[in-house]
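Thanks for making the time this morning.

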Amino acid sequence: MIYLVSNTPSSDESVKNLNLSQIKFYDFSVDLANFNAIVITSKNAIKALEQNSIVPKDVEIFAVGKSSAVQAEKFGFKKINVSSSSYGDALYDEFKDVLKDRKILYLRAKDVVGDLDIKLAKCSQNFTQIVVYESIEVTQNLTDLEDNSVFIFTSPKNAKFFLKNYTWRDSFKAVAIGQSTAEALKFISGVRVAKAQSIDECIKLAKTLL
(Lines give C-alpha, C1' and ligand atoms only; values in the text may rest on other atoms or scores of the structure.)
Protein backbone atom coordinates (compact mmCIF):
# COMPACT_ATOMS: atom_id res chain seq x y z
CA MET A 1 0.00 0.00 0.00
CA ILE A 2 1.08 3.57 -0.71
CA TYR A 3 0.04 6.16 1.87
CA LEU A 4 0.11 9.86 1.04
CA VAL A 5 0.67 11.87 4.23
CA SER A 6 -0.58 15.24 3.03
CA ASN A 7 -3.44 17.70 3.29
CA THR A 8 -3.55 17.62 -0.53
CA PRO A 9 -5.24 14.36 -1.60
CA SER A 10 -4.37 12.33 -4.67
CA SER A 11 -6.94 11.02 -7.15
CA ASP A 12 -4.77 7.94 -7.80
CA GLU A 13 -6.91 5.00 -6.66
CA SER A 14 -3.83 2.99 -5.68
CA VAL A 15 -2.91 5.61 -3.07
CA LYS A 16 -4.52 5.99 0.34
CA ASN A 17 -4.70 9.56 1.58
CA LEU A 18 -3.66 10.10 5.19
CA ASN A 19 -4.52 13.67 6.14
CA LEU A 20 -2.99 14.67 9.47
CA SER A 21 -2.81 18.43 8.95
CA GLN A 22 -4.48 21.45 7.45
CA ILE A 23 -3.18 24.82 6.34
CA LYS A 24 -4.17 27.90 8.33
CA PHE A 25 -3.69 31.12 6.38
CA TYR A 26 -2.96 34.34 8.25
CA ASP A 27 -4.52 37.72 7.59
CA PHE A 28 -1.97 40.24 6.34
CA SER A 29 -1.51 43.06 3.87
CA VAL A 30 1.46 43.98 1.73
CA ASP A 31 2.07 46.16 -1.32
CA LEU A 32 4.00 43.94 -3.72
CA ALA A 33 5.00 47.01 -5.73
CA ASN A 34 7.52 47.79 -2.98
CA PHE A 35 9.59 44.73 -3.93
CA ASN A 36 11.38 43.41 -7.00
CA ALA A 37 11.94 39.84 -5.77
CA ILE A 38 9.60 37.45 -3.96
CA VAL A 39 10.94 34.21 -2.49
CA ILE A 40 8.59 31.27 -1.88
CA THR A 41 9.25 27.68 -0.85
CA SER A 42 5.66 26.43 -1.06
CA LYS A 43 2.57 26.97 -3.17
CA ASN A 44 0.82 27.90 0.09
CA ALA A 45 2.66 31.23 0.02
CA ILE A 46 0.84 32.11 -3.21
CA LYS A 47 -2.45 30.78 -1.85
CA ALA A 48 -1.97 33.10 1.13
CA LEU A 49 -1.81 36.07 -1.26
CA GLU A 50 -5.04 34.87 -2.88
CA GLN A 51 -6.73 34.42 0.50
CA ASN A 52 -5.95 38.05 1.34
CA SER A 53 -6.99 39.40 -2.09
CA ILE A 54 -3.52 40.76 -2.78
CA VAL A 55 -3.10 41.58 -6.46
CA PRO A 56 0.01 40.25 -8.24
CA LYS A 57 2.45 42.86 -9.52
CA ASP A 58 5.32 42.81 -12.01
CA VAL A 59 7.66 41.24 -9.46
CA GLU A 60 10.16 38.46 -10.11
CA ILE A 61 9.43 35.19 -8.29
CA PHE A 62 12.12 32.86 -6.94
CA ALA A 63 10.49 29.53 -6.11
CA VAL A 64 11.40 26.17 -4.64
CA GLY A 65 9.58 23.41 -6.49
CA LYS A 66 7.61 23.20 -9.70
CA SER A 67 4.26 23.20 -7.86
CA SER A 68 5.15 26.56 -6.28
CA ALA A 69 6.06 27.97 -9.68
CA VAL A 70 2.86 26.67 -11.28
CA GLN A 71 0.77 28.24 -8.51
CA ALA A 72 2.58 31.55 -8.98
CA GLU A 73 1.95 31.48 -12.73
CA LYS A 74 -1.75 30.69 -12.24
CA PHE A 75 -2.00 33.61 -9.84
CA GLY A 76 -0.66 35.98 -12.48
CA PHE A 77 3.08 36.34 -11.97
CA LYS A 78 5.05 36.39 -15.22
CA LYS A 79 8.74 36.29 -14.23
CA ILE A 80 9.33 33.03 -12.38
CA ASN A 81 12.62 31.36 -11.50
CA VAL A 82 12.65 27.81 -10.13
CA SER A 83 15.57 26.32 -8.24
CA SER A 84 17.06 23.15 -9.70
CA SER A 85 16.87 21.51 -6.26
CA SER A 86 13.84 21.27 -3.96
CA TYR A 87 15.58 22.86 -1.00
CA GLY A 88 15.46 26.42 0.33
CA ASP A 89 19.21 26.66 0.88
CA ALA A 90 19.78 25.39 -2.65
CA LEU A 91 17.60 28.20 -3.99
CA TYR A 92 19.77 30.71 -2.18
CA ASP A 93 23.01 29.18 -3.45
CA GLU A 94 21.68 29.21 -7.00
CA PHE A 95 20.28 32.75 -7.07
CA LYS A 96 22.25 34.65 -4.41
CA ASP A 97 24.11 36.74 -6.99
CA VAL A 98 20.84 37.72 -8.67
CA LEU A 99 19.17 38.48 -5.34
CA LYS A 100 22.04 40.57 -4.00
CA ASP A 101 20.79 44.04 -2.97
CA ARG A 102 17.31 43.39 -4.38
CA LYS A 103 14.17 44.43 -2.49
CA ILE A 104 13.29 40.94 -1.28
CA LEU A 105 10.00 39.72 0.17
CA TYR A 106 10.07 36.23 1.69
CA LEU A 107 6.58 34.73 2.17
CA ARG A 108 7.02 31.85 4.59
CA ALA A 109 5.45 29.34 6.95
CA LYS A 110 5.43 29.81 10.72
CA ASP A 111 7.80 26.86 11.14
CA VAL A 112 10.61 26.39 8.66
CA VAL A 113 13.60 24.10 8.30
CA GLY A 114 16.98 25.66 7.55
CA ASP A 115 18.15 29.26 7.70
CA LEU A 116 17.02 30.71 4.38
CA ASP A 117 15.70 33.81 6.14
CA ILE A 118 19.09 34.53 7.72
CA LYS A 119 20.88 34.09 4.40
CA LEU A 120 18.45 36.36 2.57
CA ALA A 121 18.82 39.04 5.25
CA LYS A 122 22.59 38.99 4.74
CA CYS A 123 22.12 39.09 0.99
CA SER A 124 20.18 42.35 0.99
CA GLN A 125 19.56 45.23 3.37
CA ASN A 126 16.11 45.57 1.79
CA PHE A 127 14.74 42.29 3.14
CA THR A 128 11.26 41.66 4.52
CA GLN A 129 9.77 38.38 5.65
CA ILE A 130 6.12 37.73 6.46
CA VAL A 131 4.72 34.60 8.09
CA VAL A 132 1.62 33.94 5.97
CA TYR A 133 0.54 30.41 6.92
CA GLU A 134 1.10 27.48 9.22
CA SER A 135 0.39 23.77 9.19
CA ILE A 136 -1.74 22.63 12.12
CA GLU A 137 -2.50 19.11 13.27
CA VAL A 138 -5.86 17.52 12.49
CA THR A 139 -7.25 15.08 15.04
CA GLN A 140 -8.76 11.97 13.46
CA ASN A 141 -9.30 8.28 14.09
CA LEU A 142 -6.07 6.38 13.60
CA THR A 143 -5.78 4.09 10.59
CA ASP A 144 -4.48 0.52 10.79
CA LEU A 145 -1.37 0.64 8.62
CA GLU A 146 -0.35 -2.25 6.38
CA ASP A 147 3.12 -3.75 6.69
CA ASN A 148 5.56 -3.30 3.78
CA SER A 149 3.92 -0.02 2.80
CA VAL A 150 5.47 3.09 1.27
CA PHE A 151 4.73 6.46 2.87
CA ILE A 152 4.94 9.75 0.98
CA PHE A 153 5.64 12.79 3.15
CA THR A 154 4.98 16.21 1.64
CA SER A 155 6.32 18.47 4.40
CA PRO A 156 8.39 18.33 7.60
CA LYS A 157 5.24 19.09 9.61
CA ASN A 158 3.37 16.14 8.06
CA ALA A 159 6.31 13.92 9.00
CA LYS A 160 6.18 15.27 12.57
CA PHE A 161 2.44 14.70 12.91
CA PHE A 162 2.73 11.17 11.50
CA LEU A 163 5.46 10.18 13.95
CA LYS A 164 3.43 11.64 16.80
CA ASN A 165 0.51 9.34 15.99
CA TYR A 166 2.16 6.23 14.56
CA THR A 167 5.14 3.99 15.24
CA TRP A 168 7.55 3.53 12.34
CA ARG A 169 8.13 -0.12 11.40
CA ASP A 170 11.18 -1.69 9.79
CA SER A 171 9.04 -2.92 6.88
CA PHE A 172 7.99 0.64 5.96
CA LYS A 173 9.68 2.73 3.27
CA ALA A 174 9.63 6.52 3.00
CA VAL A 175 9.53 8.97 0.10
CA ALA A 176 10.09 12.69 0.76
CA ILE A 177 8.87 15.42 -1.58
CA GLY A 178 12.03 17.47 -0.98
CA GLN A 179 15.26 17.75 0.97
CA SER A 180 13.73 19.66 3.90
CA THR A 181 11.18 16.90 4.41
CA ALA A 182 13.91 14.27 4.09
CA GLU A 183 15.81 16.05 6.89
CA ALA A 184 12.78 15.60 9.15
CA LEU A 185 12.96 11.86 8.44
CA LYS A 186 16.72 11.47 8.84
CA PHE A 187 16.36 8.81 11.56
CA ILE A 188 14.80 6.52 8.90
CA SER A 189 17.33 4.70 6.73
CA GLY A 190 16.94 4.76 2.97
CA VAL A 191 14.60 7.74 2.60
CA ARG A 192 14.13 8.46 -1.10
CA VAL A 193 13.64 11.99 -2.44
CA ALA A 194 11.51 12.64 -5.52
CA LYS A 195 13.27 14.09 -8.58
CA ALA A 196 10.74 16.92 -8.72
CA GLN A 197 8.82 18.55 -5.89
CA SER A 198 5.38 17.24 -6.81
CA ILE A 199 3.00 14.63 -5.44
CA ASP A 200 2.78 12.91 -8.83
CA GLU A 201 6.56 12.43 -8.91
CA CYS A 202 6.46 11.07 -5.35
CA ILE A 203 3.77 8.55 -6.29
CA LYS A 204 5.74 7.49 -9.35
CA LEU A 205 8.79 6.84 -7.15
CA ALA A 206 6.75 5.10 -4.44
CA LYS A 207 5.34 2.60 -6.95
CA THR A 208 8.87 1.46 -7.79
CA LEU A 209 9.48 0.64 -4.11
CA LEU A 210 6.57 -1.76 -3.61
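Helices, meaning DSSP runs of H or I with at least four residues, and strands, meaning DSSP runs of E with at least two, are numbered from the N terminus. With those terms, the span of residues 31-202 is 34% helix and 22% strand, and its end C-alpha atoms lie 36 Å apart. UniProt, in an unreviewed entry, gives those residues, 31-202, the feature "domain: Tetrapyrrole biosynthesis uroporphyrinogen III synthase"; UniProt positions are given in the numbering used here, feature names are shortened, and annotations may be inferred rather than shown by experiment.

Some ground rules on the source. This is a predicted model, in which local features need pLDDT of at least 70 and side-chain atom pairs count only at pLDDT 80 or more, while totals for chains, interfaces and linings use all residues. Residues are numbered from 1 along each chain as its sequence is written, and side-chain values use heavy atoms, with hydrogens and water left out.

Let me start with strand S9, residues 150-153, where Val150 and Ile152 on one side and Phe151 and Phe153 on the other are all buried, buried being under 20% relative accessible area with a 1.4 Å probe and protein chains only, exposed over 50%, and partly exposed in between. Two strands pair if DSSP finds at least two bridges between them. S9 runs parallel to strand S1, residues 2-5, through four bridges, with Ile152 as the bridge partner of Leu4. Four bridges also join S9, again in parallel, to strand S10, residues 173-176, where Val150 stands opposite Lys173.

Together with helix H5, residues 156-165, S9 and S10 make a right-handed β-α-β unit; right-handed here says that, with the strands pointing away from the viewer, the path from the first strand over the helix to the second runs clockwise. Within H5, the buried residues are Lys157, Asn158, Ala159, Phe161 and Phe162. The buried residues of H5 pack against S1, S2, S3, S8, S9 and helix H6, where contact means heavy atoms within 4.5 Å.

Now the other sheet I want to show. Six strands form an open sheet with mixed pairing, in the order S3-S8-S7-S4-S5-S6, and its edges are S3 (21-25) and S6 (80-82), each pairing on one side only. The twist averages 20 degrees from one strand to the next, with axes fitted as lines to C-alpha atoms, for helices over the stretch in contact, and angles running from 0 to 180 degrees between N-to-C directions. Inside this sheet, S4 and S5 pair in the parallel sense over four bridges, and Val39 stands opposite Phe62. Helix H2, residues 66-75, lies across S4, S5 and S6, at about 175 degrees to S6, whereas helix H4, residues 116-123, lies across S4, S7 and S8, at about 170 degrees to S7.

Finally, two residues. Ser10 sits in the loop between S1 and S2, and is buried because its relative accessible area is 16%. Leaving aside residues up to four places away in sequence, Ser10 touches Leu4, Asn17 and Ile203.

Which residues does Ala206 touch, not counting residues up to four places away in sequence? They are Ile2, Val150, Ile152 and Val175, so Ala206, which lies in helix H7, counts as buried at 0% relative accessibility.
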